[in-house]
Amino acid sequence: MNTKIRLNQRQLTLLMSNLLITKMTFSFPRYLFKTSGNAAWIQAIYMSLLAYIILRLSLAFFKYVGNKSILGLSESLGKKPLKMAVSLIVAFIIVIHTTTEMRTFLESVKIILLPKTKIEYILIFFGATVAIGALCGFNSLSTINALFFPFCLFFIGSLVLFLIPTYNINNIFPLFGTGVKNIFATGILDMHCFSDLLALNLLYPYIGDIKTIKNSGTKAVLISGASLTLICLAYGLTYPYPYSTEFLLIPYQLSRMVKAGEYFQRFEALFEFVWTLTHLLYSAIYVYILCLVFQNAFKLRSAKSLIPCIVALLSLISFIPSSVVELLDASNILKRFMAPFALFLPIIIPLIYTLKQKKKGDNPR
Amino acid sequence: MKYLKIAFILLSFSLLFGCSDAEEPDSLGYVVAIGIDKAEKEEAKYDITLQFANPVTISGGASQEGGKGGKDSIKNITVTAPSIYSAVNVANHVVSKVFTLAHTKVVVFSEEIAKAGIEDILETIGRSSDIRPNTYFTVCKSSAKDFLESVNPETEVNPTRYYTMLFENEFSGFIPQTKSQDFYFFANSGEKNTVLPLSSKAEKVGTYNFSDSGYQYKLEDAQAGEIPSEKTEIQVMGMAIFDMDKYIGEMGDIETEIYNLLTGQYKSSYVTYYFSPTPDDPITVLQQQNKRPKITVDTSGDIPKISLNVYVEADFTSSTPEMAVEQHLDEFSNEAGEDLKREIESFLSKTKEMKADIVGFGSYAKRNFIDQKTFEDYKWKEKYPSCQIDVNVDFQVRRTGLVVRSEK
């Protein structure tokens, strides 16, 4: 596999933004509304602040450990067994996130766009596109993402603006929705939506430049946090509680409400375009990252041939839940369970490595 | 690279993928309105009338004259079914079209159905990706089937445009601007009651009753079907009031105009007032609401206290020849404001009698609570009938038309 990945700051920022925003804005807000009611926007701000703190903590060790990812550090710390264990955890996290997003996307496509088509056909075409995207390589993916993703951000911005006539300020009251405890205590369980920050750590060895990583990571958290807050605020202002907790795809519901004059009412067509491309890029990027993890764990010279197998495996795993309800419940539990690993491994492993090196009296780098 | 090229060619076939769900436009039956009546047999549940567009008439077919409106532009089919989609399924087997609800503009409920509750229909509409959230609901005083069969969109070629013009007319305050989404959101809400436009076949040929009120033609409130009309067509006027999903009462056109003023949905209309120096001469103004009402609710005590400030602007469109009202603008504004205030107070006491907070004061009351549970514990709907409402009307005549007369 070609591991000569070259990403500039803009590409890395938009790539990380895609990984965070795809889940956050399309399928995740539903969980926020279930937790906090129409105070989801407050929870979104709170979670973005926590994610920023977590990111800064993980970046704080950069000067001690250099551009080694947690996989490289675990090998230095505990040789092959630890590296394998960490690789498996990382792979599991990626698999959980990718498969649940993939299945949620496919089921939603079936509900909204292709109600009469068998989901297996949709899966085959989706899987083939993702596999081809991943085969094109990371540089191609990040370049296409850098071209497309600003359009996605523009879509989110225009959606929020076009909906202004439907906003009702009373809908976001009572201000603390289902309660302060739910927002600030139970809400921590929803931090799994920032689990994708793990991908930034996995890409460390391929970027090298600390400034690029710091700036891109920070900007990605800010962009995704702002998008999530805006979508939650727009939805909360438009849909009153408790109906705001019912809908499957919040941006789709919002795009159906747009009415800009007599002849511009089907904004959902634009949503469907943005939504599909974002998911294709999201899945292809994660398939590639998963291959990098396997390549690193098993010291493979090239993992390119793994791509079709990984896509097939992800597709099969994504079809384990028998229904959408089971999928949503199971994925939420699994994501919540894996979130501490995803968020804190990039802090704990470098911390242990730094302490161990300091104890030895060596320069950690 | 070779494999990539092959993959690219294969992938390009996926562009044809959407064709698997494609429907030819001429094979579709575009349902523009749905009527729901109670079925004769209770277990059959509903008689559902699907009114669909007749594209041959709308487009003009092979003729060179272009499309025609009127009764021929629409067709109706009535089937007995337990839900809307079951009716679509049956209709697909009766008419040689595949029915789609993507262009449905109106759902008409018969009075009987509305009184029994429409929660199951709401469930279908909330769940469906076909039916749009800005579809109109209306309660029909006659049967929904009769109503739809009386529709004669003479002024429009496109039947959906006909319904849009009928229900979305910003220059008439006589119907509430409630869309299906608004009804769906608040049907089971603890903060407010919902309303829907009233509609009917215009069968009743009668005369108006006159009242003592100095507001709006001195007429009693009229509802759909009560306006004298020589033609037997449809009328949409007034509103049906709901408690949860059940129809509990109705209000006439003038009360609906007041409702629109209080909810801030009112845009403008021509309104007639009577000035005390010339009590028999109507003065008509173009009334506009350029500023939403200011509502504050004090929930600190057991009895909620509501402060309501309504801002109305008016321009003279006709005046009395007896005197130059332009020279008495303050007196006229005060009297008109008092008339309007009296109407508003009468409207609000009626809503209290009906135990229905249709204006949505509860939504403003929510602002005083920290979270949803404390608001729910306050039991707003139970407290609303005993609330104190302080009404203030700021009525300003801004312009006098093209004439500014002096005192004779």
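Modeller: A strand here is a DSSP run of at least two E residues, and a helix is an H or I run of at least four. The model is predicted.

Biologist: Where does that place B:Met244?

Modeller: B:Met244 sits in the loop of chain B between strand S8 (234–243) and strand S9 (246–251).

Biologist: What makes the phi of B:Met244 worth a note?

Modeller: Its phi is about 55°. That value is positive, and B:Met244 is not a glycine. Most residues other than glycine have a negative phi.

Biologist: Why is B:Met244 called partly exposed?

Modeller: B:Met244 has 15 other C-beta atoms within 10 Å. Buried needs 20 or more, and exposed needs 12 or fewer. The count of 15 lies in between, so B:Met244 is partly exposed.

Biologist: And B:Lys379, why does that residue count as exposed?

Modeller: B:Lys379 has 10 C-beta neighbours inside 10 Å. The limit for exposed is 12 or fewer, so B:Lys379 counts as exposed. Phi of B:Lys379 is positive too, near 50°. This residue lies in the loop between helix H12 (372–378) and helix H13 (380–383) of chain B.

Biologist: What is the omega of the bond from A:Tyr241 to A:Pro242?

Modeller: Omega is near 5° there, and that bond is cis. A:Pro242 belongs to the loop between helix H10 (210–238) and helix H11 (250–257) of chain A. Most peptide bonds are trans.

Biologist: What makes strand S5 of chain B mostly covered?

Modeller: S5(B), residues 106–110, has five of its five residues buried. B:Val106, B:Val108 and B:Ser110 point one way, while B:Val107 and B:Phe109 point the other way. Residues on both sides are buried.

Biologist: How do you know that S5(B) and strand S1 of chain B pair?

Modeller: The two strands share four bridges. Pairing needs at least two, so S1 (residues 28–38) and S5(B) pair, in the parallel sense. One of the links joins B:Ala33 to its bridge partner B:Val106.

Biologist: What links S5(B) to strand S6 of chain B?

Modeller: Five bridges, again in the parallel sense, join S5(B) to S6 (residues 136–140). B:Cys140 in S6(B) is the bridge partner of B:Ser110.

Biologist: Why is helix H2 of chain A called mostly covered?

Modeller: In H2(A), residues 29–36, seven of the eight residues are buried. Among them are A:Tyr31, A:Leu32 and A:Phe33. The buried residues pack against several helices of chain A, including helix H1 (9–26), helix H3 (40–60) and helix H14 (324–360).

Biologist: What follows H2(A)?

Modeller: A:Gly37 does, with a positive phi near 65°.

Biologist: How many residues of chain B are in contact with chain A?

Modeller: On chain B, 25 residues are in contact with 27 residues of chain A. H12(B) gives the most to this side of chain B, with four residues.

Biologist: Which classes make up the side of chain B that touches chain A?

Modeller: That side has 11 nonpolar, eight polar and six charged residues.

Technical notes. Residues are numbered from 1 along each chain as its sequence is written. Chains are lettered from A and ligands numbered from 1 in the order in which they are written. This is a predicted model: local features need pLDDT of at least 70, side-chain atom pairs count only at pLDDT 80 or more; totals for chains, interfaces and linings use all residues. Two residues are in contact if their C-beta atoms, placed from the backbone, lie within 7 Å. Ala, Val, Leu, Ile, Met, Phe, Trp, Tyr, Cys and Pro count as nonpolar, Asp, Glu, Lys and Arg as charged, and the others, Gly among them, as polar.
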